[in-house]
Amino acid sequence: VKESGLIGRGGAGFSAGMKWSFMAPARPAYLVVNGDESEPGTFKDRQLLERDPHQLIDGMIIASIANEVHHAFVYIRGEYPKPARRTQHPVDEAYEKGYLGSDILGSGFDLDGTVHLGGGAYICGEESALLNSLEGRRGEPRIKPPFPAVEGRYSKPTIGNNVETLSNVPWIVNNGGATYAGIGPDTSAGTRMISLSGHINKPGNYEIVMGMPWREIFYDIGGGISGGRELKAWIPGGSSAPWFVPAEHLDTPATIDDVGNHGSMMGSGAVIVMDDSTDMVAAAHRIVRFYAHESCGQCTPCREGTTWLERILYRIISG
């Protein structure tokens, strides 16, 4: 997995293999699959959970063996009851077939898998808030350090990986790290899923090779801007990412480094397209309104600041 160059697909963009190597030696240890897909515009993990949960469970088992973990959790967004049911089924099947449970296939390795439905809070997508929620506590981020790899669930070493990240692992194991690393540019190896929405003719989930320019994503894959209108702006990585405009960014490659060098981020892969009819202040207000509502209230700048941002933008819209 290190050799593959696989980078986490949850938003932080950190090397998955490197993250695994940071696991502290204390045991027991845990693996938590982050399926709390709450970033507006993101719906890729939902499709992976609904359409191919076996792939995720395979990746979860491989990651658990690699990290000497004997209990793995799949934490799924509270508003995702169907994906949760679809994921529970292959977990039950894995127990029946002997791929989960005690002494897996006579190897002497034990692994339990638990599917957990979250409480419906945006903040629980942050890994330490997710761990608090998983422990039955209020979903609020923890102060770091210590990081979860040292003190996570029940203060024991814990690895957290996104659904899409672990869904890549079975292919990497079957085909080799070097093969995966050979797909796309060196610093953003492999493919990734993007959730394309907004003013686009063909919205949906697309698996792209990293490094594809935005122009190709919009006009070749997405079929162009809906209604024949002009592209005005887009959000390249979820609603918390700074926006891009065509004049400066349309030919920028869709890689973590290139997007980051232009002041934004690939984030969770949510690409929201806005045409020239969009009121940009109203769009900003709608997003800020979401964050003001979803603030967990732990830190003053967010609890107070997002509310004031919403009021300021509302006053601008109202003249």
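Student: Why is E135 called partly exposed?

Tutor: E135 has a relative accessible area of 21%. Buried means under 20%, exposed means over 50%, and partly exposed lies in between, with a 1.4 Å probe and protein chains only. E135, at 21%, is therefore partly exposed. The model is predicted: local features need pLDDT of at least 70, side-chain atom pairs count only at pLDDT 80 or more, and totals for chains, interfaces and linings use all residues. Residues are numbered from 1 along each chain as its sequence is written, and side-chain values use heavy atoms, with hydrogens and water left out.

Student: What makes the pair of R137 and E135 a salt bridge?

Tutor: The closest N and O atoms of R137 and E135 are 2.9 Å apart. A salt bridge requires a side-chain nitrogen of Lys or Arg within 4 Å of a carboxyl oxygen of Asp or Glu, so the pair qualifies at 2.9 Å. R137 has a relative accessible area of 47% and is thus partly exposed.

Student: Which residue forms a salt bridge with R138, and why is R138 called exposed?

Tutor: The partner of R138 is E140, with the closest N and O atoms 2.8 Å apart. R138 is exposed because its relative accessible area is 59%.

Student: What parts does the salt bridge between R215 and D251 tie together?

Tutor: In this salt bridge the closest N and O atoms are 2.8 Å apart. R215 lies in helix α8 and D251 in the loop between α9 (246-249) and α10, so the pair ties together parts that are 36 residues apart in sequence. Helices here are DSSP runs of H or I with at least four residues, strands are runs of E with at least two, and both are numbered from the N terminus. R215 counts as partly exposed at 39% relative accessibility, whereas D251 is exposed at 52%. Elsewhere, salt bridges that share partners join R9, K44, D45 and E164 into one network. The structure holds 16 salt bridges.

Student: How many aromatic pairs does the structure have, and why is the pair of F218 and W234 called edge-to-face?

Tutor: A search of the whole structure finds 11 aromatic pairs. One of them, Y122 with Y291, is edge-to-face at 5.4 Å centre to centre and 75° between the planes. Y122 lies in the loop between β3 (112-117) and α5 (127-134) and Y291 in helix α11 (residues 280-294), so this pair ties together parts that are 169 residues apart in sequence. For F218 and W234, the ring centres are 5.0 Å apart and the planes stand at 75°, so the pair is edge-to-face. The rule is that rings of Phe, Tyr and Trp (its six-membered ring) pair if their centres lie within 6.5 Å, and that planes under 30 degrees apart count as stacked, over 60 as edge-to-face and the rest as tilted.

Student: How do you know that F218 and W234 are buried?

Tutor: F218 is buried because its relative accessible area is 0%, and W234 is buried because its relative accessible area is 0%. Ring pairs link W214, F218, W234 and F244 into a cluster.

Student: Where is M265 found, and why is M265 called partly exposed?

Tutor: M265 is found in the loop between α10 (256-261) and β8 (270-275). M265 counts as partly exposed because its relative accessibility is 32%.
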